[in-house]
Every structure is written in structure tokens, then in C-alpha cells.
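Please look over the sequence and the 3D structure below before reading on. The report that follows takes up the contacts between chains first, and then some local features of a single chain.

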Amino acid sequence: MLSYAWLIPVFPLCSMAVIMLLTHRNRVLSAALSITAVSISFLYAWAIAFTVWGNPEVQRFSFDWLNLGPSMHIPIGIQIDGLTAMMLIVVTTVALMVQIYSLGYMHGDPRFSRYYAFLSLFTMAMLTLVLADNFFLMFVAWELVGLASYLLIGFWFEKQSASDAGKKAFITTRLGDLGFIIGLLMIYTGCGTLTFGGVFEAVKTGALGGAFLTTAAIFLFGGAIGKSAQVPLHVWLPDAMEGPTPVSALIHAATMVVAGVYLVARSLTIFMGAETAAMTVAWIGIITSLMAASIGLVQNDIKRVLAFSTVSQLGYMIMALGLGGFTAGTFHLMTHAFFKSLLFLGAGSVIHAVHTNDIREMGGLHSKMKTTSITFLIAAFAIAGIFPLSGFWSKDEIVAATLGHPVFTVLTLLVAFMTAFYMFRLYFLTFTGTPRDKHKFEHAHESPKVMTYPLIFLAVLSVVSGWIGLPWLHHGFSSVVFHEEPHHAEFHYGLAAISLLVGLSGIGLAYLMYYKRRIDPDRIATSMPGLYNTLLNKYYFDEAYEVLVIKPYYVMCQGWFWFDQHIIDGLVNGAGAFGVLWGRFQRWADETFVDGAVNGIGWLTRGFGATIRYLQTGSLQNYAFIVFAALVILWILR
Amino acid sequence: MDTISLAFYALAFLIIAAAIFVVTSKNIFHSAIYLILALFGVAGIYVLLQAPFLAAAQVLIYVGAVSMLMIFAIMLTARIADQTIRHTNEQVPTGLLVSLGLLAVIVYSLWQTPFAISSDPMPEGAGGTLGKLLLTQFALPFEIVSVLLLGALIGAVVIAKKDSVRREPEAPMTPLPKSAEKVAG
Amino acid sequence: MLELDKLVKLVGDGIEAVVTALGLGPTWVTLVQLIVAALVVVVFAALVVLFLVWWERKVSARFQMRLGPMRVGWHGTIQTIADALKLLQKELITPANVDRGIYFWAPVVTFVAAMAVYVTVPFGKGLIVRDLNIGILYILSITTFTVIGLLMAGWSSNNKYALLGGFRSAAQVVSYEVPMALAIVAVVMLTQTLSMGEIVSQQAKFYQWYIWRQPLGFLIYLVAATAECNRTPFDLPEADSELVAGFVTEYSGMKFAMFFLAEFLNMFTVAAIATTLFFGGWNGPFLPSWMWFLIKTLAGVFVLMWFRWTYPRLRVDQLMSFAWKFLLPLAFINIVLTGLGIYIFRP
Amino acid sequence: MEGIGLTHYLTLSAVVFCIGVFGMLTRRNAVGVLMSIELMFNAVNITLVAFARYVTPATITGQVVAIFTIAVAAAEATVALAIVLLIYQHHRGIDVDRINFMKW
């Protein structure tokens, strides 16, 4: 069964091809195809997960893809271990839920079939990414998910902001991918192979090490920075919210953005072999996390809050991995995938109901949308790390992973506090209180069942998926993603209590500010205008890029344009003018001497041809006669 | 003179006479009929050479199909009264010379050549050995010939299809102008 | 019982004795035996045709609720003989502008081809002139001469109806020969031999008849064979409402009779081949083998007559597309199925 | 005279072949030319079968090749006659010596 695991991405691929080629006119058929394909993959993924978890051996199946002699030999293949199985489950589950959800959300969209084709493409690419057994195939899939992301962000390309966001996402992540490629090339130069096994072997035996490995690892991490929206390339993710909300849930919360985390987790051996690189990873992770969380405190767009929350949580995972917390990072990856996609889908449900993204125009929606509200609340509790929901267990592992690095511990707890605060700010502003926009409130309604059922399913997962990490289970979550050797932080009741307390206090503050209105948030904002505006404008990152990168680039371009217009064109024109003169002279010479010779030859040839053309009679029998006559004559002359 | 010799000379006479009529007959349809006769004679020669399967195939394919095609082509391109003034071109004397020269050359060389006559027995049965050979040792040529036949079939259809001759579209009937109708009325 | 093989052997031995007594070699013995056999077959064929003509008239009459010939002999039994005599006496008209040589030979070729088939038809136990080892292939190839005869007749008559009739018949026969040959190939795949005698001996028991293993092949054969002998619904070459009498338009007297004879002989041949290939040949209980052969063959002939008086005529384009677009693919499918069957069931 | 041998068949084949050559060189009618070519094919086939009978009787490869020849001849005749029909449609005649528009 494992040896046919490559079929998992093939099903969505087929559905994409069939939709694109055949059924794109029939929206029902297209959606049905896509959902069927991903369902099959979903079932297969679960089957594989149960096989693998009972038998923690790494399975590899590969074949030669490119064999250019001993120096250039690239096999591609798949590798199945606990981490892959976990990723398969995450990807297929969320993809299935999102595709079902989209039936309701995208209902009536003129490019419905194309939407499903793109979703299938994305699913295929993402599944290939997690199944790959080498960096090469992983990179190919990596670019494919980028393409799918671009297509889906800009899905409503009539909107200028959407198509801009698509381009921004694509170009920004490409910057990171450049680092990825350089890292890959360095690794290939260093150990002559790109298979995970081979590279890790080289790192372990010390064939690859020192400053070279550190540089390679940092470049490799560049890919993760781009894909997982870490500082300083995080700017694309909030803009990516221009895409359809289910897409945000699938790609920009649960799966594609964690590809970077997956990359770091998968190649953790490399980072562990390079101290400096690992610390860089950890620092970038915590800085991203802190910054995004603080921005999230003040945003008013429901999806942007969630986007910054995503960036923040990704930073968490990256940090945990950088500190060697393999289990913590991957565990949080999984739980986060479930509750964050739930949050996004819930937000989508709200947007579907009130047709706005601005939380200032919402409020009191709980009475109208019970299911959405409750599932959203569950997810908010989960992300805030409240016992016994999934976020509690995974966040606790992350906190535990920072033990020994006091700075990280403090910052992590601070982020946890902020997370709890802004999530509940969001919840209270959206679902409780009095409706601030009566008109929109009147028209609000609960979403159809195809949208609420996935919410309920994901809510259940958000609650229970953390229980794999229960402290009294043998090895907890690490036995699931068993990578190199069992590595599991002991469960710290003290730490757990502290982080729970932090989460609760964040919720409490939000409760006071936005539910009870004891503290006026606006007064705090006006009392600290500098900080507030900095946060509201996302630390001016986009503006900084505008000033530091894009403006100078324009100036440089204009300079070159001037250079091109005046200097180069002047040269060209001068050359042209000279050419014309020279050409006139040549024409005279040509007409006089060369043509004379050519015409003379032509005249001669024509005369000759006119004489001997009588040999070509055009009669087949004549030719045949000559053939046989020649045969006889040749025989006689032999 | 034994039976085989008798049969051989009879058949050889038949074939050669028929062949000569094929190439000299003024009426092309007669040529075709003589061709059938000659081909039938060749089938007889095959029987003498202990190749009965081939003889049957010869009759089936040449008489049944190829000659039929010839006759079709003749019927589609000529009429019974078509007694062309000349049925041969001006190459007759030179052609005769070359043919006879060729005959002399071939006959001379084959009488000079010592052939390695083998006295092994022929395999029993009609088509069994042949069939086995076709599907084992000669499988590739066999397949290629099949493809060739298919290609010839399609090619012939394409070539001979009426539509392949691009004809000028006939001028559309222009309706009479109104005034003309009035005048006619 | 009334088996005839002893009698045949007796006659053969008698000939050998007489010829040897005349001081001639074994070649001559074979030759004389063959000549005698050929004479017997010709006489037999003539009798069969006489019977068939009468029978066809009676059958058609019954189909149309008539009586048919009743005056000459008991129920008109010798009506055909009277007709034959009339035809023999008639003047042989040779139209003015015909191509004389070919006009003369056309009926001969047709008739001889129809007769020559009987060399290798097993009429009964030991009743076969020559059990050639290419038997069925021989029959297939000899029957093609019939078409040559028709074409010759059509061409040489210098008559547009005759020419069209010849054309149609040639196109039709060539087209239907392909599915027919393929249907026969499917049977040969099972028999592993081309010899008619062996094919018969493989079907000694009722359940061994090849029709049970080749039902589709038999249907294809039946349809193609009906077309081969130009019978309704495939009687376009002599569609009298369109073409007067097709290729026989300009023929009269004995020459016409030869075409007529050949046509009925072909019908009998087709039924005989069907009997041999699909219905166990002369095998059967109680009755002598030749009688079984006749019963089965005449039943086949009856089916052909039944067709003729039941179905309307096809249009010429329908006829061609039916052969090439339906019957031929079907025959290929049958061959593939047969091959699969052999592959699965043979060890 | 001692029976019929290989040489007899080969001689017969040579004669038929040369008759075919003569016909090919001299017939005006395109179908006539084709028929002459068929004669030549048959002459070659006689040779092949004769060799199969006398030189390699155990492995009758000559007969196999003869079958291929027949198949190729059939294909050739099909295409050639299609071409003849096409030429007839274009030129209302199939005299080979008039179909010389390839000259000069």
C-alpha cells in the first residue's frame, strides 16, 4: 500500500486535468470531480497514517528521473515517515473541508470550475511537496504551490488590488526561493546528492559542515522565510487576503505557508549541524511572531487580523524549530492548521453573511449565526491555549522548548498573551455587543449547511487533535512525527499553568475592553498615537520597501532609460547612418560588378540547360527504358 | 516424360503465352483477362513447387483482388469501343531489344551459376510452417507489411476520393432583378 | 447401412484394374479416376440444380400462397427438365457489338468455377474427390473466379445495364469476401487445419459442432455468404427493376442456362460449406452420412430461399457500408474473441 | 532430359520477367503498365518459391518472402490504381506517354 502512495497527488492532478480539459463548462461536475479526488486522497492519507504510525520506519520509493552520468544523477521519489503522514493528513483534511465549504462560499461565481481546478492543482502540488524524498522534487512542488497560490490570490483578477496582491505574493516569495535555490546548489555541491537521506548522512558524518553548511542552511531558510512569511518577507501574506476566503484558509493559513515550517522541520538535521543558522532561525521566528502579534492588536479587517495571527503563529513554529523543538514545531503546525483554517472559514462565513471585512461594521452576530459563532469561539480558545483544547498542548510544548533560553521564554509568553487578547478582541467585536451597522445586521443569516458542517468538523479536530500530545501518552506527539531519535520535552505542570494563566489574562483584558467596555480602547490608542499608528501601519514595512527598494529601483531604471535613449541609441543611430552611406556605395559596386558576373553565369547556365533539357522527357517509360538498358550495358561492360 | 514435366511445360507455355498477350493485346480488357490466366498459371507452378498454400493465396489475392482492381480501373477509364489507334508507344523496337538483352543476360548468368541444391524434405502440411515462420522469425516484417497494407488502403481512399479533386465552385444562381421579372410578367 | 464409400472404393479399384490391364502407368490410373469422379460430380451437380430450381419455385409459391408448377409431372417435378430442354433448343444470340471472345468465355468461367469447388466438398463418409490439405482456402480462392466471369460478362455485353450489374456484383463479392474469409479464419483457428475432411471428423458428436463455439462467426458467414451468391436481400447485380437482368441481360439460351446453373450451384456450395464448417458435415446418427449431408445442406439452402422471399432489397450504398462498417469490424471482434478463447481454454 | 529442376523454373521466371519489362516499356495505357509490373512481381515470386523448394527446403523462408511480395504488390496495385483514377479525372485519359507534365 505504501508503495502506491504516489497516487495521492495523482488523484487531484487528474481531476484538475479533467476539469480543465473537459468539464469546465459543467460546474456541478467539476466540483464533484474535485471533491471526489481529494476525498480519495484523504482516505488514502489516513490509511497511510495508520500504517506508518504503527511502524515508525522511513519508507522510500524512488526512480531515476535524470541520469547524466555519475556526476549528475537526480532520482525522484517519495518518502513516507511520521512527519509526511502527519502533513498528508493535515493537507488532505483541510483541503477536503475547504472544497466542501467552497461549494457554498463560491456558489454562483462565474469561474467556479476554474476555481476547483486551481484548488486541485494546489492540492496536488502540496501533496507532492510533502511526499518528496529529495530537495529537488520538493523544490518543483514548492514552485507549483507558489503558482497555485498566485492564481488563487488573483482569482478575482478584475479587482486591481487582487491581481496586485497575487503579483506581490509571487514576487516576494520568489525572493525567498532564490535563497532556496542557492542553498540547494550549495548542498548539491557539498555532498553531490539532493535526497534527504544522503544530505543528512553527509551532515552527520561531518562531510558537510562548518561555515559552508551554515551559509547553505541560512540560504535554505530563505525559502522558508518567503513561503512562511517571516520577517522581512512577511508583507505578502496580509495582502494575500484578497483571494477568496476558503483559499486563505487552505493556502495562507493551514498548508502552503507551513511549507516553510515543513522545510525547516524536514531539514532540521542541517540546522542542528549549524549552530548559527539555527539561532538565526529562532531569532527570526520570535521577531516575526512578536511583530505580527502586535500588529494584530489593532487591525480592523477580520481577515487581516487572522493573517497577522498566522504570521505570528508561523514565527512561533519557526522559533521552536530553531531551538531544536522538532516535536513542538510540528505539533503546533498540525493543531494550528486545524484551528486557523477553522478561524478563516468562520471569518468567511461571517463575510458571506454581512458582505464586509471590517469588524467595526459587525457586532452582535452571535444571535444570527450560532454555529459560526460557537465554532469560532472554540477556535479562539484553541489558539489562546486554553485547557484542554489543542492549542494548549502544542503551545505548551513550544514554551517548554524555549526552556534554557530565558529571553525566548519571556517573549513567547508575551506573544501568547497578545494572541489571546487580539483573538478575543476579534470575537467580541464580531459576535457580541450591539450591532454597529443595523442594515448589514438585518441581512445577516447563518450560512448554508455545506459551509457549517466543515466548520463543525474542524471544530472537533481543533478540540481533540491536541490530545495526541497528552503527557501521559507514551512519548506524546513525538512518537507520531518520529524523525531521528525520540525527543520529547517533559510536560511541565508549572509552565503549563503559567501559559494558561497568560492566555486567560489576555482573554480577560479583551473581555474588559470589548465586552464590558470597562476600559476604552480608543483612549489607549489616542494616548499612544505613535505606537498605535506604527502598529496600524504594520511597522511601515510596505512604505519602507517603497522608499528603500522600489523608489531607488525606479530611479535607477530611469537613469538607465536615459542612458539607453541617448547614449546607446546615439551610437546605434550613428552606426546606422554610416551603414546607409556604406550601403549606397556597395549597391553601386554590386550592381556593376557582381550582378554582371551573376547574370553571366545565369545566361551560360540557361543556354546549357536549354540544350540538355530534351533529355528529361517526363515519360516514365523512357526512364525505365534507360534503367534497364543501363543494366544490360553495364553487364556487358563488366 | 513424367507428369511433373508435362505439367511444367504445359503451365510454362500457358504463362508465357498469356504474358505475351498481356503486353501485346490491343484491347486492355483482354490484357487483364490474359493477366488472370497468367497468374493462374503461376499458381499452378506454385503447386508444382509444393507450395499449395501460396498457390491458394496467389489465386485469392491476385485473381480475387488485384486483377479485380485492374478490371475496375479499366472499366472506369475505358470503353469497350475504345480501340486506340496505338496501344504501344514508340519504344517498341528499342524496348524489345533491351528486354531480349536482359533475358540473355539473366539466362546466361543463371545457367552459369552453380546453385547449392539441397535435398532436404519439404515440411509437411499446408500453412503451418509458414504461419509459424510469419509469427516468429518474420514477425517484424509481418507487422510492417500489415501497417503498409493499412496505409495503402487509407492512402488509396484518400487519393481516389472525389473530393480530393479541388473543383471550382459553381457560380451561384443569381436571381433575376425585379425589373426583369416585371418585363417578363 | 447405405454408406457409399465401399461402392466408391469398388469403382476406383475397378478403374485401376482396367487401366492397368490396358498397360498404362499409375499416373493414368489417377487421371482416369479423377475424370470419372469429375463426371460423377458434374452429374450430381446438374441433378442438384434441377432439384433446387424446382424447389425454389415451389417454396416461393408457398410463400406467396400459390401452388407453383403443377402440370409437368407429379407436382411439377419435371418442370425444370422441360425448361432445360427448351433452353437447349433456343438460338444462341450473340449481339452485334459484343466483345466476342470474352462474351463466349464468361459463362464458361463462371460455371467451371462453380463446379470446381466440389473437388474438395465432403459429401459423405469417403465421398470426397480430393481432400486437399488447403481445402477451405482452395474453395475461397476458386470462388473468386465466379466474379471474374461476371465481370467478363458485364464488360463484354457492351450494355450499360450489364456493365453496371457486373460492377455491382464484383464490388459486392469482393467486399463480402473479406468478412466471410475472416469468419472462416475464426473457425480455422479452432480446427487448426484447412482440410475439409479433418474439419468434419473433428465434429463427430453433436456438441462438437463449431456453431456452438462460433455463433457470431456463423452469423457473419451466413450474411456474407448470402451476399456472395447474390441472393436477396443482396441481389443488386441482377436487380431486375433497375438493371433489367444485370450482367446476364444479353445472354440467352444455353449460355444463360450456365449462369443460372452456376448461381444455384453457388447457393448449394455456400450451404455445403456452412454444413461442413459449422454443423458437423456428414456426421449424424442412424441415416447414412451422405443423407445427413444433404439434409443439412438443403436446410441451409432453404434458409437462403426463405431470406429471398422475406426481405426487401438493400440500396447499393447501404450494401457497401454494411459490409465495411459493420460486418468487417464484427468479424475482427469475432477473431479477437476466438483468439482470447483459445488463449484461455487451451492449455 | 532429366526431370524439371531449379534452372527450369528460373528460366521461366526470367522469360516472364522480360515480357513484363517489355510491356512496361511499351504499353501506353497506365493500367497496362501496371499489369506488366504485376507480371514482373510474379516472375520474382516464382524465383523465390523455386529457391525455397530447391535450395532451402527445410526452412521455407522463400515462401515467406513471396507472401510479403504478394502483400506489397497488392498495396502497390491499390495505390497505383487510385492514382490512375485520379489522373483519369484530371486528364480524361490514362495514356502514360501523354502524362509527361513533369518534363522540362
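## The contact between chain B and chain A

On the side of chain B that touches chain A, the residues divide into four nonpolar, five polar and no charged, where Ala, Val, Leu, Ile, Met, Phe, Trp, Tyr, Cys and Pro count as nonpolar, Asp, Glu, Lys and Arg as charged, and the others, Gly among them, as polar. The number of salt bridges between chain B and chain A is zero as well, a salt bridge being a side-chain nitrogen of Lys or Arg within 4 Å of a carboxyl oxygen of Asp or Glu.

Nine residues from chain B and nine residues from chain A take part in this contact, which is defined by heavy atoms within 4.5 Å. About 800 Å² is buried between chain B and chain A, with carbon and sulfur atoms giving 77% of that area; buried area is the accessible area (1.4 Å probe) that two parts lose on being put together, summed over both. Within chain B, the residues that lose the most area to chain A are Gln91(B), Val98(B) and Val105(B), which together account for 54% of what that side buries.

## How the model is read

This is a predicted model, in which local features need pLDDT of at least 70 and side-chain atom pairs count only at pLDDT 80 or more, while totals for chains, interfaces and linings use all residues. Residues are numbered from 1 along each chain as its sequence is written, chains are lettered from A and ligands numbered from 1 in the order in which they are written, and side-chain values use heavy atoms, with hydrogens and water left out.

## The contact between chain B and chain D

How many residues does each chain bring to the contact between chain B and chain D? Chain B brings 82 residues and chain D brings 71, and the area buried between them is about 7,000 Å², of which 78% comes from carbon and sulfur atoms.

Several helices of chain B, among them helix 1 (3-24) and helix 6 (139-160), each supply at least two residues of the side that touches chain D; helices are DSSP runs (H or I, at least four residues), numbered from the N terminus. Helix 3 of chain B gives the most to this side, with twelve residues. By class, the side of chain B that touches chain D has 59 nonpolar, 17 polar and six charged residues.

## Local features of chain A

Over all chains, the count comes to 13 salt bridges. One pairs Arg111(A) with Glu158(A), whose closest N and O atoms are 3.0 Å apart. Because Arg111(A) lies in the loop between helix 3 (82-105) and helix 4 (112-131) of chain A and Glu158(A) in the loop between helix 5 (135-153) and helix 6 (160-191), the pair ties together parts that are 47 residues apart in sequence.

Val231(A) and Pro232(A) are joined by a cis peptide bond, with omega about 5°, and Pro232(A) sits in the loop between helix 8 (210-227) and helix 9 (236-239) of chain A.
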